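Here are a few notes to read with the model open beside you. Take them one at a time.

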Amino acid sequence: MTKRFYVCRQCRRFTMNKECVVCKSSNLSASWKGLVVVNDATTSEIAQFLGVSVPGKYALFVG
Ligand SMILES: [Zn+2]
């Protein structure tokens, strides 16, 4: 059984809800590539690359 994940187009965070928990956007995409886990957004280079400030799971590319 596969779970269907959505990714917020605004901040690229993964969500299983119908809206993003971070920016409350309902602009979600089921088409994404590359899962990135951000543990410490203040020191992580990937977090700076993605422009995120909240730890969590993010997608590298969102369709
Ligand atoms: Zn978002």
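1. A quick word on terms: helices (H or I, at least four residues) and strands (E, at least two) are DSSP runs, numbered from the N terminus. Residues are numbered from 1 along each chain as its sequence is written. Keep in mind that this is a predicted model, where local features need pLDDT of at least 70, side-chain atom pairs count only at pLDDT 80 or more, and totals for chains, interfaces and linings use all residues.

2. Let's start with the layout. You'll find one helix and five strands in the protein, and along the sequence they come in the pattern β-β-β-β-α-β. The radius of gyration (taken over C-alpha atoms) is 11 Å, close to the 11 Å from the globule rule (2.2 Å times the number of residues to the power 0.38) for 63 residues, so the protein is as compact as a globular protein of that length. Its C-alpha trace spans about 35 × 25 × 20 Å along the principal axes.

3. Now look at Arg12, in the loop between β1 (6-8) and β2 (14-15). Its phi is near 70 degrees, a positive value in a residue other than glycine. Is Arg12 buried or exposed? Arg12 counts as buried because it has 23 C-beta neighbours inside 10 Å. (Buried means 20 or more other C-beta atoms within 10 Å of the residue's own, exposed means 12 or fewer, and partly exposed is in between; C-beta atoms are placed from the backbone.)

4. Lys24 sits in the loop between β2 and β3 (28-29). Phi is positive here too, near 60 degrees, in a residue other than glycine. Lys24, though, has 9 C-beta neighbours inside 10 Å, so it counts as exposed.
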